[in-house]
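Here is a short tour of a protein chain for anyone who likes to see the cut-offs next to the values. Have the viewer open as you read.

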Amino acid sequence: MLSRMALLQAAQRPMVSLMARSATSTTGGEQSFQRPVRLEHPGKVRMGFIPDEWFQFFYNKTGVTGPYAFGAGLLTYLCSKEIYIMEHEYYNGLSFAILIIVGVKKLGPKVAAFCDKEIDRIEAEWSEGRNAQIRQFEEGIEDEKKSQWSAEGQTLLLQAKKENIGLQLEATYRERLMTVYNEVKRRLDYQLEVQNVHRRIQQKHMVNWVVNNVLKSITPEQEKELLNKCIADLGALASKAK
């Protein structure tokens with residue numbers, strides 16, 4: 001009966017520790033969960049199941065034979081006082097223990113290798129999913145950086161467009177100033193030409209008026225005398241030229 005209770009307690013300990021771990025993880029709130037790391041080399045054991053630390057604990061006080069003497073004495077005490085009763089379940093358990101030890105020694109490495117391979121495969125699948133998600137997030141970050149760079153390029157493009165529009169407005173303004181200048185100059189030239197035409201017409205009219213008045217004041221006799229005098233002067237000039 002005692003062995004059955006010991007087995008039940010040993011079976012319940014992992015469940016209790018698992019429940020306690022889940023309770024602490026749920027009450028932790030926003031605390032980060034640390035994934036358990038599988039040890040590559042587990043701790044040393046004696047006789048297949050007794051931790052080596054227990055033997056080291058006795059060495060400093062009892063020497064090398066202390067742990068063995070303590071274990072043998074404890075078993076002798078339990079059996080002699082019939083605290084641990086060796087009924088038929090004990091022998092069944094002993095036979096099962098022998099079978100389990102033989103199975104662990106023979107099949108343990110193969111099962112461990114298979115389990116390690118499965119664990120590595122599952123961990124690789126989880127890591128692949130995690131890495132794929134990380135790559136997806138990194139690609140999203142790169143796309144966002146490209147979008148920001150493109151937005152900066154759009155800002156520069158808008159600034160260049162504003163400068164281009166300003167240059168076009170300046171060119172239009174100067175063109176219109178030149179148009180106004182040409183129109184004003186053309187009208188001023190027109191007014192000047194009109195004044196010049198008026199002046200020439202007035203001058204021509206004045207000359208014609210003076211000539212006409214002079215011609216009207218000359219009598220035929222005076223004209224005949226002037227004509228003869230001109231002929232005489234021409235003759236004198238001709239004689240001098242000879």
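## A nonpolar patch on the surface

Let's begin with Met86, Tyr91, Leu94, Ile98 and Val102, which form a nonpolar patch on the surface with about 460 Å² of accessible area together. Patches are built from residues with over 30% relative accessible area and no salt bridge, joining like charges within 9 Å and nonpolar side chains (Val, Leu, Ile, Met, Phe, Trp, Tyr) within 5 Å. Accessible areas come from the Shrake-Rupley method with a 1.4 Å probe, and for residues only the protein chains shown count as cover.

A word on the ground rules: the model is predicted, so local features need pLDDT of at least 70 and side-chain atom pairs count only at pLDDT 80 or more, while totals for chains, interfaces and linings use all residues. Residues are numbered from 1 along each chain as its sequence is written, and side-chain values use heavy atoms, leaving out hydrogens and water.

## The chain as a whole

How many helices and strands are there in the protein chain? There are 5 helices and 2 strands, taken as DSSP runs numbered from the N terminus (helices: H or I, at least four residues; strands: E, at least two). Along the sequence, the pattern reads α-β-β-α-α-α-α. Of the 242 residues in the protein chain, 2% are buried.

With 130 residues, helix 4 reaches 181 Å from its first C-alpha to its last, close to the 194 Å expected at 1.5 Å a residue. That expected span is 1.5 Å times one less than the number of residues.

Where in helix 4 does the kink of about 60° lie? The kink is at Leu107, shortly before the proline Pro109. The bend at a residue is the angle between axes fitted to the seven residues ending there and the seven starting there.

## Salt bridges

The count comes to 7 salt bridges, each defined as a side-chain nitrogen of Lys or Arg within 4 Å of a carboxyl oxygen of Asp or Glu. In one of them, Arg174 pairs with Glu170, with the closest N and O atoms 3.1 Å apart. Arg174 and Glu170 are separated by about one helical turn because they are 4 residues apart in helix 4. An α-helix has 3.6 residues a turn, so residues three or four places apart point the same way. Arg174 counts as exposed at 55% relative accessibility, whereas Glu170 is partly exposed at 34%. Elsewhere, salt bridges that share partners join Glu118, Arg121 and Glu125 into one network.

Arg121 is partly exposed, with a relative accessible area of 40%, and Glu125 is partly exposed at 46%. Another salt bridge brings together the side chains of Glu128 and Arg135 (3.2 Å, N to O). Glu128 is partly exposed at 44%, and Arg135 is partly exposed at 40%.

## Aromatic pairs

The structure holds 3 aromatic pairs. One of them joins Phe57 and Phe58 edge-to-face, at 5.6 Å centre to centre with 85° between the planes. Rings of Phe, Tyr and Trp (its six-membered ring) pair if their centres lie within 6.5 Å; planes under 30 degrees apart count as stacked, over 60 as edge-to-face and the rest as tilted. Ring pairs link Phe57, Phe58 and Phe70 into a cluster. Phe57 is exposed because its relative accessible area is 53%.

Helix 3 (residues 66-80) has 15 residues and reaches 21 Å from its first C-alpha to its last, close to the 21 Å expected. Glu82, in the loop between helix 3 and helix 4, has a positive phi near 55°. Most residues other than glycine have a negative phi. With a relative accessible area of 61%, Glu82 is exposed.

Definitions and conventions: Buried means under 20% relative accessible area, exposed over 50%, partly exposed in between (1.4 Å probe, protein chains only).
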